[in-house]
Amino acid sequence: MATGPRYKVAFRRRREYRTDYYARKRLLRSGESRAVVRRSNKNVTVQFIDFDMDGDNVRAAATTRELRKMGWEHSCSSIPAAYLVGYLAGKRALKDGIEYAVLDIGMQNPKYGGVLFAVVKGMADAGLEVPHSEDVLPAEDRIKGKHIDAGIEAAVSSMKKKMEAE
């Protein structure tokens, strides 16, 4: 005689490949601020989030849309743009008193030397301590955009100067 289903349906956000609850639980147990990095086809977003029982608190954030307002004319989903948004977010986090953060990339597929790790390089260059391996970071010429166009290198350095002036 049957007593019920023989399978368990996963949580909705897990079925949609939006949340890995086991990884999230480990990150929340650490008690540290999370550096949440999300990318879309056109933009990269970085948020520094602290856990609270009433809901997560965003303490500092930056997105590549803000780079457009600052004068960035190139792609907002490239490695140089990801580096710059990581740098900007790192500067804002330091102003807010965050000195250490744990990387949270969610259900995204990490690629060594890719956009997600360019953000980490930007945060580290801003002075924030984010645990990572040097092997995963993109090469310096890719961060400066030499693989895309010769003019991007000057744009990256001018954007960094604007961010330091803020």
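## The second largest pocket

K8, V9, A10, F11, R14, T19, D20, Y21 and Y22 line the second largest pocket of this predicted model. By class, this lining has 5 nonpolar, 3 charged and 1 polar residue. The space inside the second largest pocket comes to about 180 Å³.

## The largest pocket

The largest pocket holds about 310 Å³ of space. Its lining is made up of 18 residues. Those nearest the centre of the largest pocket are T19, R24, R38, D104 and G106.

Sorted by class, the lining of the largest pocket has 8 charged, 7 nonpolar and 3 polar residues. Three elements, α2 (21-29), β1 (33-39) and β2 (44-50), each supply at least two residues of this lining. With 4 residues, α2 gives the most to the lining of the largest pocket.

Strand β2, which supplies at least two residues to the lining of the largest pocket, pairs with strand β3 (residues 57-63). The two strands run in the antiparallel sense, and the pairing extends over 6 bridges. Within the pairing, V46 stands opposite A62 in β3.

The hairpin of β2 and β3 has 6 residues between the strands. In this hairpin, G55 takes a positive phi near 145°.

Definitions and conventions:
Residues numbered from 1 in each chain as written. Predicted model: local features only at pLDDT ≥ 70, side-chain atom pairs only at ≥ 80, totals over all residues. Heavy atoms only, no water. 1 Å grid on protein atoms, 1.4 Å probe; cavity = no way out; pocket = protein on both sides within 12 Å on 5 of 7 lines; lining within 4 Å. Points joined across faces, edges and corners; volume = space filled by probe spheres on them. Nonpolar A, V, L, I, M, F, W, Y, C, P; charged D, E, K, R; others polar. Pairing = 2+ DSSP bridges.
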